[in-house]
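Q: Got a minute to go through the pocket and the ligand in this one?

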Amino acid sequence: MFQIPQEVQKVIHTIEQAGFEAVVVGGPVRDLLRAQTPHDWDIATSARPEQVMKWFHKTIPTGIRHGTVTVLMGNMPLEVTTYRQEAAYQNHRQPTSVAFVSNLEEDLKRRDFTINAMAYRMSGAVVDLFGGQADLERGIIRAVGDARERFEEDALRMLRAVRFACKLDFAIEQQTAAAMQEKAPLLQYISKERIAVELTAALCTAAPQHLLLLPQTGLAAYCLPEFVSWNEADWKNAIERLQQLPAEKTLRLATLFQKAGETPAQCAAAAKKALKSLKLDNHTISNVTAVLIQQIVSFPAADAALKRLARAVGEELLETVLWLHAVENYDGQQVRQWVEDAAWQYQTIKQRGEAVFLQDLALSGEDLKNVGISGKEIGEVLRALLEWVTEHPNDNQKVLLLKRANSLRKAGLK
Ligand code: ATP
Ligand code: MG
């Protein structure tokens, strides 16, 4: 018997009271069997979405055409999806229409891998029709049914196989792997957005060494064509760096492109092009390029270098840049140590109240106007003063800065 949250129990109970079946399904069952706490609770039911919407106060018709209703139970959003069969697949993609069915078996059959195709009933029974538990124990990702057919139906499943291998540190079962190799070109039919979701998820995992599957199966050519010239050693090199870094999106993406060019600017340009073609959001793309473009700071990083770095990328990305620099120059334990030391160093700079950003200057644009400086010269003088106090923090005093502003002006801002 597993511990199931009250909210989930309540939803299942309500549906059962109305005379229908409801079970926990997919990801959370896999997580429970691995003694992990599920991050979402997906429920499958024989009831129709319209009925589910009637039985609960707070519902959102998240994907009603596909049978999914989100039920808000307390603060917990729960996805309740009607048992379904996918209608004919076209172009190797998930179908746009589905057929609702009344039995769980059909619903489990359309799922991708045996470890994802199990259900859990409140009675305590695990419904495992395809040997998912055995595969979980052995650490194997195996397609449900005929792997070639399943990848022909929806080619994204091949990338999902890589994602789950990376997430769980599992191996891909032989026939499933062979089918991936054969069907890899079908990935070209899948939308860039769906590819990006799985690829980023695969990157941000505990076992990124399984990313080697991408070049090995040929999938890389269709999801990261920028790396066609990479040989196995290049991939291994990138993976080694990924393994040493926290599983954070901007950092892991940047790491992938850290050697994609000869110079930081080339790496940033390569990342921008690849991530744009994957249709990643602009915020992520600009963060990744911002961190890649920074030059390496020497170690131990001078206070002034850290301040300039924080200014260049913003405080929220500072640590990401530090990680990138650390993994480039150190190994093993030293990587984290270097980042911790540099982050601590920056904290103490801030605690001492030293100026890092324009707003930290002891003098404002208004003060400069009062002494007759105007127009774009204001910005130029402020930036020059900030640069000065970056190296000479004790000079961040109004009187001193005004004096300096005057002499800068006289010297024509040199
Ligand atoms: P995670 O914990 O990473 O979210 P998950 O198993 O919940 O893992 P999702 O992508 O959220 O993965 O998908 C939920 C479930 O839906 C899967 O467990 C699987 O049963 C099914 N599924 C999702 N995508 C597909 C697909 N393309 N083909 C077949 N089944 C799929
Ligand atoms: Mg999920």
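**Pocket and ligand**

A: The largest pocket holds about 1,100 Å³ of space. The model is predicted: local features need pLDDT of at least 70, side-chain atom pairs need pLDDT 80 or more, and totals for chains, interfaces and linings use all residues. Residues are numbered from 1 along each chain as its sequence is written, and side-chain values use heavy atoms, without hydrogens and water.

Q: Which residues are closest to the centre of the largest pocket?

A: D42, E79, R110, R111 and R160, out of 37 lining residues. Lining means an atom within 4 Å of a pocket point, on a 1 Å grid with a 1.4 Å probe; a pocket is an open set with protein on both sides within 12 Å along at least five of seven lines.

Q: What's the lining made of?

A: Nine nonpolar, eleven polar and 17 charged residues. The largest share, six residues, comes from α7.

Q: OK, ligand 1. Where does it sit?

A: Ligand 1 takes up space that is the largest pocket. To count, more than half of its atoms must lie within 2 Å of the grid points.

Q: Which residues come nearest to ligand 1?

A: R30, H39, R157, R160 and R163, of 14 around ligand 1. Near means a heavy atom within 4 Å. α7 gives the most to that shell, five residues.

Key: Chains lettered and ligands numbered in written order. Helix = DSSP H or I, 4+ residues; strand = E, 2+ residues; numbered from the N terminus. Points joined across faces, edges and corners; volume = space filled by probe spheres on them. Nonpolar A, V, L, I, M, F, W, Y, C, P; charged D, E, K, R; others polar.
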